[in-house]
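Have the structure open beside you as you read this report. We will look at the ligand surroundings, then a sheet with its helices, and finish with a single residue.

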Amino acid sequence: MGILLEEPLDLPEYNNSDVLVQKYGGTSVGTAKAMLNVASIIKKSLYSTKVVAVLSAMSSHKKSEGTTSKLIQAMENINNSEIFTKILDEIQEYHISIAKEVIKKEEILNNIVDSINKECNSLKRFMSAIAVVGEISAKSKDFIISVGEKLSANLFAGILQSKGIDSEYINLEHAVSYEDFSNVPNLSDEFFQILSEKFAAPVQACLNQNKVPVVTGFFGLIPGSLLTTIGRGYTDLCAALIAVGLKARELQIWKEVDGVFTADPRKTPKAKLLKELSASEAEELTFFGSEVIHPYVMKQAVLAGIPVKIKCVFNPEDQGTLIVLNSRSEDSKSEDTIYENEPTAVTIKDNVTLIHIDLNTISSSNRTIYSLLHQLEKDGISPDLVSISQQKVLLALTETGHKLEKFIKLVKNNEYTLVKRNMCILALITPPNVDKLALATRMLNVLSENNINVEMISHGASNTNVACVVSNESSIKAMQLVHDECIIESLERSDELKKKLFEDEITTNEISPIPNTEKVLNNQTTETKIKPVKSKRFSSIRKFFNLKRNSKRNSIEVK
Ligand SMILES: Nc1ncnc2c1ncn2[C@@H]1O[C@H](COP(=O)(O)OP(=O)(O)O)[C@@H](O)[C@H]1O
Ligand SMILES: N[C@@H](CC(=O)OP(=O)(O)O)C(=O)O
């Protein structure tokens, strides 16, 4: 970690269009040490560009135990004031302890501690008031979770100030209001345009004063509520919209991992870093459980032509993963990364419930598939996977809590309806041109060879994934097996082939040199030089490799 100056930094004159938007995830700012590390990353960036920092709520270990998750837990216990007060006390004490540990300038520390106390005490009063009614509206839920980002952004702005970086806390809680969206459909282009314009205005004003804006990843009162309309991970979208509104030169999403991997690197020892990932692959990965990036970021930032990078707070100099609009480029496939016509990644989505329904036997009015789907829509449940055969329906749902139980009650009124809990969806994400049948075969083979029972399979419905359902218990083992079989094994074989073809090519080049066409065109000379042409070499490797793989596929399919 770099040593931070205590005196104001002597920074260069910036070009006003040169703005970098950096989003820091909850775990990246979850402790005093983590916040100091992020401060040093920002300080370094400031020597070459203007920086906007967008912060999530602090998560000291993992997101599921972080501030936002604790605030949601407090809401769920609105009828038990002892529990929710204890949770809020913990949050308050934690933020104060970080402020005291890091901020050594008394005046700044006192201001920050005051605002933490104000924020938390007002939340306690608010929750005690709604506890009387016993029910929380969507608007109230948004207010409750907003406290997570307000606390982290305010505290971090104080930390930057105490380190000599002129910064300003920007709270987007009131950036928009319901009135801004009258007659504007939710999630439409106009909806996002309103958000990006409203967010960019206060941020730009702060940049104009040569300060570092430290912005809450939580944003305003949007129709349908932030939690339901956008969902968790909303800070990514907030940062993307700010980047669009400011026409930033790059959006960086900072995490505790080196970038996007071929599988969760914390659970899959052989996972490899992807240098590039297409927007649709990133979207699929997120949908199937890898918290890579909020899916709406793709449409906003990537389509607006703003480069999006996933970077690691522990290795700030590394390039991380670049999210590109279409398929991954030639260069990203070099060395040990993944080829365009191979699967990209494996991911798991936990806590799935499987419901087998025999439409003939249910006594409710949902006797046809149409009425059943209508019922799901009415209950606001969107099934993750569906399989239908004549009168039988199999649903895989990630919905939990009251909504799920209500739906189960409706359909489970006889012994023919079977409910299996504690399942997970295992999905293999692929570019569109990959042979899904061969992959599904390899996936099922490796799972059955290792006695892992597959409860459901989805193949053919999407051209970017093959998915199956296994028990939660076997999820990590299943992910490792499928990852190693469908991604690593292919890579290892491709590496061997690359080595072999490289040797062959060197020999070929020695006998018959390849003309340096660049030189021929520019200087109109006929000079020839030995210059191995990388893309040509790789395309021949790919061709060769595909032939090999196809022959393996055939042998599997024939079995
Ligand atoms: N394919 C993947 N590539 C990278 N990280 C992944 C992948 N799948 C799951 N993850 C998990 O996503 C998390 C992202 O990093 P983290 O810094 O914890 O996120 P946040 O930004 O929410 O704080 C990590 O815990 C990592 O284990
Ligand atoms: N704090 C919010 C928003 C968010 O984006 O979080 P993170 O950046 O830590 O994934 C959440 O937990 O959903």
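To sort residues by class, count Ala, Val, Leu, Ile, Met, Phe, Trp, Tyr, Cys and Pro as nonpolar, Asp, Glu, Lys and Arg as charged, and the others, Gly among them, as polar. Please keep in mind that this is a predicted model.

**Around the ligands**

With those classes in hand, the shell around ligand 2 sorts into two nonpolar, nine polar and three charged residues. That shell holds 14 residues, and the closest are Gly26, Ser56, Thr68, Arg232 and Thr235. Which helix gives the most to the shell around ligand 2? Helix α8, residues 234-246, does, with three residues.

Ligand 1 is surrounded by 21 residues, the closest being Gly25, Lys255, Glu256, Asp264 and Ser290. In this shell, eight residues are nonpolar, seven are polar and six are charged.

**A six-stranded sheet**

Now find the open sheet of six strands, whose order is β10-β11-β9-β12-β14-β13 with antiparallel pairing. At its edges are β10 (385-389) and β13 (456-458), each of which pairs on one side only. On average, neighbouring strands of this sheet are turned by 25 degrees against each other, direction ignored. In general, strands of a sheet pair through backbone hydrogen bonds, either parallel or antiparallel.

One pair to trace is β9 (residues 345-358) with β12 (residues 418-429): nine bridges join these antiparallel strands. Start, for example, at Ala345, whose bridge partner in β12 is Ile429.

| Helix | Residues | Lies across | Angle |
|---|---|---|---|
| α9 | 279-287 | β9, β12 and β14 (465-471) | about 160 degrees to β12 |
| α13 | 436-449 | β12, β13 and β14 | about 20 degrees to β14 |

**An annotated stretch**

An unreviewed UniProt entry lists residues 439-485 as "domain: Aspartokinase ACT". In the model, this span is 47% helix and 21% strand, and its end C-alpha atoms lie 10 Å apart.

**One residue up close**

Finally, look for Leu491, which sits in helix α14 (residues 475-511). Why does Leu491 count as partly exposed? A residue is buried if 20 or more other C-beta atoms lie within 10 Å of its own, and exposed if 12 or fewer do. Leu491 has 19 C-beta neighbours inside 10 Å, so it counts as partly exposed.

Methods: Residues are numbered from 1 along each chain as its sequence is written. Chains are lettered from A and ligands numbered from 1 in the order in which they are written. This is a predicted model: local features need pLDDT of at least 70, side-chain atom pairs count only at pLDDT 80 or more; totals for chains, interfaces and linings use all residues. A residue is near a molecule or strand if its C-beta atom, placed from the backbone, lies within 6 Å of it. Helices (H or I, at least four residues) and strands (E, at least two) are DSSP runs, numbered from the N terminus. UniProt positions are given in the numbering used here, feature names are shortened, and annotations may be inferred rather than shown by experiment. Two strands pair if DSSP finds at least two bridges between them. Axes are lines fitted to C-alpha atoms, for helices over the stretch in contact, and angles run from 0 to 180 degrees between N-to-C directions. Two residues are in contact if their C-beta atoms, placed from the backbone, lie within 7 Å.
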